[in-house]
Amino acid sequence: MADEKIMKQAQSVYETLCKTLTARDWNYTRHDDDLTITCGARGEDLPMDIIIAVRPGPQVVALYSPMPFKIAEDKRVDAALAVCIANYGLINGTFDYNIADGQIRFRMVSSYRESILGEELFNYMLLVSANTIDDYNDKFLMVSKGMMTIEQFIESEKQNNS
């Protein structure tokens, strides 16, 4: 019975998420079998792939957005520093970095355990995520390509946070 209640709540959260995206005229693809949505957005520079998953077990909604590139092997330590510096100033969401393969992704998670999540939260998750990804994806790419040093990255963070 508990599992049935958890699945019913997850399905309700998923439907609210879909309703929110539809109300925003957002193009998305439903994956009803695993309560996942895939969509994309376009920022000032690079495209953003977005995956939003309702996870019944931990009772969370998780938004993921992998960067559309991998960090060059010779720049992976610099990228690790850049990701740490970027994450330090974030209020919501985080960048995950796999130094072994050079993949960076943005992640934002919200729990719905004993809660009811509404459209306002999903709109917030989408807007904050898109803005954060757009702020950093080009900088991470420039670090990877050697077009921005870690010192320049740090300086740009100081300017953005002042």
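This is a short tour of the model, one selection at a time.

**Before you click**

You're looking at a predicted model, where local features need pLDDT of at least 70, side-chain atom pairs count only at pLDDT 80 or more, and totals for chains, interfaces and linings use all residues. Residues are numbered from 1 along each chain as its sequence is written, and side-chain values use heavy atoms, with hydrogens and water left out.

**Whole chain**

Start with everything shown as a cartoon. The C-alpha trace spans about 55 × 30 × 30 Å along its principal axes. From the N terminus, the order is α-β-β-β-β-α-β-β-α-α.

Now colour by pLDDT (the predictor's confidence in each residue, from 0 to 100). The chain averages 93, and 98% of the residues score at least 70. Select 150-160 for helix α4, where confidence is lowest at a mean of 90, then 94-98 for strand β5, where it is highest at 98.

**The sheet**

Select the strands next. They form an open sheet of six in the order β1-β2-β3-β4-β6-β5, with antiparallel pairing (two strands pair if DSSP finds at least two bridges between them). β1 (28-31) and β5 stand at the edges with a single partner strand each, so one side of each has no neighbour in the sheet. From one strand to the next, the twist averages 25°.

Zoom in on β1 and β2 (residues 36-42): this antiparallel pair has four bridges. Pick Tyr28 and you'll see Cys39 of β2 opposite.

**Helices on the sheet**

Angles here run from 0 to 180 degrees between N-to-C directions, and axes are lines fitted to C-alpha atoms, for helices over the stretch in contact.

**α2 against α3**

Which residues of α2 meet α3? Show side chains for Asp78, Ala79, Ala82, Val83 and Ala86 in α2, which meet Tyr136, Phe140 and Val143 in α3 (contact means heavy atoms within 4.5 Å).

Conventions
Helix = DSSP H or I, 4+ residues; strand = E, 2+ residues; numbered from the N terminus.
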